[in-house]
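Subject: A structure to look through

Hi,

Here is the structure I promised to pass on. Have a look at it first, then read my notes below with the viewer open.

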Amino acid sequence: MLVLDDNPVLVDGLNFLINSTRQLHAILLAQRDQELCEAIKRLEPDVIVADPNFLDRTLAECGLELHELRAGAKLIAYCDARETRSGETYINRGYSGVVTKTVASPRLLRAIKSVHAGDVVIDETVLALSERSLQPCEVDQRKLSTKEEFVLRHVALGKAMKEIAADIQLSAKTVETYKYRAIKKLDLRTRSDIVNYAISVGWLQH
């Protein structure tokens with residue numbers, strides 16, 4: 001795991017939190033600024049937890065694009081609650097998770113583990129902010145589109161995003177967007193919620 005933020009105290013705190021678990025390991029950077037871009041390329045972290053604004057500035061200085069970084073790592077947007085945009089905005093940009101900096105430590109660790117396992121995670125706080133930004137008529141539109149239903153069915157069956165993307169000949173990012181829209185419409189949070197929903201509507205019956 002690699003933590004990127006312009007607040008060194010926060011970075012140290014998150015690194016300590018991550019290293020307190022047995023399953024995760026935080027990569028510690030010797031120098032935070034000059035070698036940061038090179039470190040991202042060289043260390044090849046599995047998951048990057050980053051303040052989106054800080055990451056955008058850092059990538060611009062390196063001459064890199066977000067999609068280049070995402071090719072080698074899953075990204076979690078670790079956002080200031082006052083500046084957080086809708087979860088869909090981050091998913092469309094290529095992030096696999098979105099949490100705010102006010103989230104409790106256990107929830108942050110669960111989000112990191114879930115993203116590492118291949119899930120898309122939008123924290124409840126971000127979902128609440130997204131819902132408030134929607135028009136009432138949009139919130140009531142809970143019916144899934146054909147592609148949203150297809151993606152959610154296959155997620156319930158345990159398929160990875162890349163497999164689903166190959167099945168319908170779309171990019172993994174697009175498939176993640178369909179999954180995000182579906183779970184937001186149905187108010188689902190976890191893989192277990194998705195499986196339970198699939199069972200309740202008969203998707204998993206043979």
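One term before we start: a residue counts as buried under 20% relative accessible area, as exposed over 50%, and as partly exposed in between. Keep in mind too that this is a predicted model.

Is Asp187 buried, exposed or partly exposed? Its relative accessible area is 47%, so Asp187 is partly exposed. Asp187 also has a positive phi of about 60°, although it is not a glycine. That is worth a second look, because most residues other than glycine have a negative phi.

Gln169 is another non-glycine residue with a positive phi, about 55° this time. You'll find Gln169 in the loop between helix 10 (161-168) and helix 11. With a relative accessible area of 73%, Gln169 is exposed.

Now for how the helices pack. Two packed helices are described by the angle between their axes and the distance between the axes. Start with helix 9 (residues 146-156) and helix 12 (residues 191-200): their angle is about 105° and their axes are 9 Å apart. Angles of 65 to 115 degrees count as roughly perpendicular, and helix 9 and helix 12 are therefore roughly perpendicular to each other. On the helix 9 side, the contact is made by Leu152, Val155 and Ala156, and on the helix 12 side by Arg191, Ile194, Val195 and Ala198. Sorted by class, the residues of this contact between helix 9 and helix 12 are 6 nonpolar, no polar and 1 charged.

Helix 9 also packs against helix 11, at an angle of about 90° and with the axes 8 Å apart. Helix 9 and helix 11 are therefore roughly perpendicular to each other as well. Which residues meet there? Helix 9 brings Lys147, Glu148, Val151, Leu152 and Val155, while helix 11 brings Val175, Tyr178, Lys179, Arg181, Ala182, Ile183, Lys185 and Leu186. The contact of helix 9 with helix 11 holds 8 nonpolar, no polar and 5 charged residues.

Zoom in on Lys179, which lies in helix 11 (residues 172-186). Lys179 has a relative accessible area of 3%, so it is buried. Setting aside neighbours within four places in sequence, Lys179 is in contact with Asp119, Val120, Val151, Val155, Met161 and Ile194.

Asn15 sits in helix 1 (residues 8-19). Again leaving out neighbours within four places in sequence, Asn15 is in contact with Val3, Ala26, Ile27 and Leu28.

Last stop: helix 3 (residues 52-62), where Pro52, Phe54, Leu55, Thr58 and Leu59 are buried. Where do they sit around the axis of helix 3? They cover an arc of only 155°, so they are on the same side of helix 3. Ala60 and Glu61 are exposed, on the face of helix 3 turned away from its buried side. At the N-terminal end, helix 3 is capped by Asp51, with a side-chain oxygen 2.9 Å from the backbone nitrogen of Asn53. After helix 3 comes Gly63, with a positive phi near 75°.

Cheers

Technical notes:
Residues are numbered from 1 along each chain as its sequence is written. This is a predicted model: local features need pLDDT of at least 70, side-chain atom pairs count only at pLDDT 80 or more; totals for chains, interfaces and linings use all residues. Side-chain values use heavy atoms; hydrogens and water are left out. Axes are lines fitted to C-alpha atoms, for helices over the stretch in contact, and angles run from 0 to 180 degrees between N-to-C directions. Helices (H or I, at least four residues) and strands (E, at least two) are DSSP runs, numbered from the N terminus. Angles under 35 degrees count as roughly parallel, over 145 as roughly antiparallel, 65 to 115 as roughly perpendicular and the rest as oblique. Contact means heavy atoms within 4.5 Å. Ala, Val, Leu, Ile, Met, Phe, Trp, Tyr, Cys and Pro count as nonpolar, Asp, Glu, Lys and Arg as charged, and the others, Gly among them, as polar. Buried means under 20% relative accessible area, exposed over 50%, partly exposed in between (1.4 Å probe, protein chains only). The arc is that of the directions from the helix axis to the C-beta atoms. A polar contact is a pair of N or O atoms within 3.5 Å; within protein, one must be able to donate a hydrogen and the other to accept it, and residues adjacent in sequence count only if both atoms are side-chain atoms.
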